Amino acid sequence: MEKSITSKCKKPIVVAIDFGTTFSGYAFSFSQNWGKVYTNHWQGGSLISHKAPTVLLLDSKAEFVSFGYEAEDKYATLAESGAHKDYYLFQRFKMILHQDEALHRKIKCKDLSGKMLEAIKVFSYSIRFLKDHLMEEIKKCMIIQEAEGEVDLEYVLTVPAIWGDKAKMFMREAAVGAGIKKEDLIIALEPEAASIYCQHLQFENEEQDLSATAMGVVKPGTKYMVVDLGGVSG
């Protein structure tokens, strides 16, 4: 196995966003030490996970309120007092992008109570939240100390392999609407990303070295299976 694998990323940090039907999350690593991957821990009650529910809460003016576990908790609190009726709660809205032939920029998605809103706005709000959250986590980890201006990042946004060109373009436009520069964005197929990860597995060693030099490409002829165990499509 080759033990000297360099990153192809031209940016100092590469960020991966997994925008799922039921759960979403992100991870990032430095191009100089890409073998060490940083992820976030989301907490919902007593549950701690690497992903947050793909749930978006907007107010009566369709402005952002919260995302993930916080959105679920906030909406539940509003519902207790009957104040939830003017709010929008979106969940599992990613499914509308599977209808590639009927997909267009103005398509709308339905919230929990049946209210309609432009889907591009719902997707952009969600991606923006994940983008802003990861930036805060980078700063908290003291990876970027007192960063001035924008941090130079390369974004990888994964999409299902069965999606058509319209759906991929829609997701790209939603990401740009969320503040990600199109020249910094790569749209990758979910199974391909998983397959590449499987091909670069960490070597077993006593010291549990997470550096890129402890990574290696699987031997030619190695067989493995990639299985999508997602909340809806699995």
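Which residue in strand 9 does leucine 58 stand opposite? It is tyrosine 88 that faces leucine 58 there, and that pairing is a handy way into this predicted model. The protein chain has four helices and 15 strands. Of its 234 residues, 41% count as buried.

- Three strands make up an open sheet with antiparallel pairing, in the order 8-7-9.
- Strand 8 (64-67) and strand 9 (88-91) are the edge strands, each pairing on one side only.
- On average, neighbouring strands of this sheet are turned by 20° against each other, direction ignored.
- Strand 7 (residues 55-58) is joined to strand 8 by three bridges in the antiparallel sense, and to strand 9 by four bridges, also antiparallel.
- On the strand 8 side, leucine 58 stands opposite phenylalanine 64, while leucine 56 has phenylalanine 67 across from it.
- The hairpin of strand 7 and strand 8 has five residues between the strands, and alanine 62 takes a positive phi near 60° in this hairpin.
- Both faces of strand 7 are covered: Val55 and Leu57 are buried on one side, and Leu56 and Leu58 are buried on the other.

**Helix 2 against the sheet**

- Helix 2 (residues 119-140) packs on this sheet and touches strand 7, strand 8 and strand 9.
- The direction of helix 2 makes about 60° with that of strand 8.

**Nonpolar cores**

- The largest nonpolar core holds 46 residues, and those with the most contacts inside it are Phe90, Leu97, Phe123, Ile127, Leu153 and Met171.
- Two or more residues of this core come from each of strand 1 (13-19), strand 2 (23-30), strand 7, strand 9, helix 2, strand 12 and helix 3.
- Helix 2 gives the largest share of this core, with ten residues.
- Beyond its neighbours within four places in sequence, isoleucine 127 is in contact with Phe19, Leu157, Met171, Ala174, Ala175, Ala178 and Ile180.
- There is also a second, separate core of six residues, including Val55, Ala71, Tyr75 and Leu78.

**The β-α-β unit**

- Strand 12, helix 3 (residues 165-177) and strand 13 form a β-α-β unit that is right-handed.
- Strand 12 (residues 153-159) and strand 13 (residues 185-189) run parallel and are joined by five bridges.
- Valine 156 has isoleucine 186 as its bridge partner in strand 13.

**A closer look at lysine 51**

- Look for lysine 51 in the loop between strand 5 (47-49) and strand 6 (52-53).
- Is lysine 51 buried, partly exposed or exposed? Lysine 51 counts as partly exposed because its relative accessibility is 33%, and that class lies between the buried limit of under 20% and the exposed limit of over 50%.
- Leaving out residues up to four places away in sequence, lysine 51 touches Asp18, Phe23, Ser24, Gly25, Trp42 and Tyr69.
- Aspartate 18 lies 33 residues from lysine 51 along the chain, and their C-alpha atoms are separated by 8.8 Å.

**The chain as a whole**

- Among contacts in the protein chain with a separation of 6 or more, 62% are between residues 24 or more positions apart.
- The protein chain exposes about 13900 Å², and carbon and sulfur atoms supply 52% of that area.

Notes:
Residues numbered from 1 in each chain as written. Predicted model: local features only at pLDDT ≥ 70, side-chain atom pairs only at ≥ 80, totals over all residues. Heavy atoms only, no water. Pairing = 2+ DSSP bridges. Right-handed = clockwise from strand over helix to strand, strands pointing away. Buried < 20%, exposed > 50% of the residue type's maximum accessible area, 1.4 Å probe, protein only. Contact = heavy atoms within 4.5 Å. Areas by Shrake-Rupley, 256 points an atom, 1.4 Å probe, with all protein chains shown as cover. Axes fitted to C-alpha atoms, helices over the stretch in contact; angles between N-to-C directions. Core = buried A, V, L, I, M, F, W, Y, C linked by side-chain atoms within 4.5 Å.
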